[in-house]
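Please read it alongside the sequence and the coordinates.

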Amino acid sequence: MTAIYLSLGSNVERYKHITAALDALEHLLGDLTISSVYESKSIGFDGSNFFNLVVGAQTHLAIVELSEVLKRIEDENGRKRSGPKFSPRTLDIDILTYGDFVGLEGGIELPRAEITKNAFVLLPLAEIAPQVCHPQLQKTYGELWQEYDQTSQSLWAIDFEWRGKKISARR
């Protein structure tokens, strides 16, 4: 089994699609470590605010197999792939890390560059894995968050309920 971290995002029917993603991921991967859900403004285009979070889990799937399953979950939730890169999303699930793997596998570059570029990825990752080291930078996600320009992107934790359990800020 390999430890993985995934980022989830939605700005179209956000509650519905994040809930559906968590249901599908729990069915696929079993126990999930779930960050708070954060709301942030769209980056790169003018659109509705996003809900974002990070999920940690274990998988027996290879990187390419995992990616294919995640794309199927996105597609089942109405993901349209024909639009521009920066556009509204019903559901976006990205592999952030796959164990200590560093490199390119089946067109998927890991660890994902967005980890250190976007607060909506780094903050929830630092929340659930503050002592875990970035496989390339050899700094913990907690350290990376402390070094990040936290004024560069605005985001805020929101109350979110999944399966009768409130997912809320842990800080």
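## Strand 4 and its partners

Strand 1 (residues 2-10) pairs with strand 4 in the antiparallel sense, over 9 bridges. The model is a predicted one. Within this pairing region, serine 10 has phenylalanine 51 of strand 4 as its bridge partner.

Tyrosine 38 faces asparagine 52 across from it in strand 4.

The pairings are listed below.

| Strand paired with strand 4 | Sense | Bridges |
|---|---|---|
| Strand 1 (residues 2-10) | antiparallel | 9 bridges |

How enclosed is strand 4 (residues 50-59) by the rest of the structure? Of its 10 residues, 9 are buried, so strand 4 is largely enclosed. Buried here means under 20% relative accessible area.

## The second largest pocket

The second largest pocket has a volume of about 170 Å³. Two elements each give two or more residues to its lining: strand 7 (108-110) and helix 3 (114-117). Lining residues include Glu109, Leu110, Glu114 and Thr116. Also among them are Val102, Gly103, Arg112, His134 and Gln136. By class, the lining holds 5 nonpolar, 4 polar and 3 charged residues.

Methods. Residues numbered from 1 in each chain as written. Predicted model: local features only at pLDDT ≥ 70, side-chain atom pairs only at ≥ 80, totals over all residues. Heavy atoms only, no water. Buried < 20%, exposed > 50% of the residue type's maximum accessible area, 1.4 Å probe, protein only. Helix = DSSP H or I, 4+ residues; strand = E, 2+ residues; numbered from the N terminus. Pairing = 2+ DSSP bridges. 1 Å grid on protein atoms, 1.4 Å probe; cavity = no way out; pocket = protein on both sides within 12 Å on 5 of 7 lines; lining within 4 Å. Points joined across faces, edges and corners; volume = space filled by probe spheres on them. Nonpolar A, V, L, I, M, F, W, Y, C, P; charged D, E, K, R; others polar.
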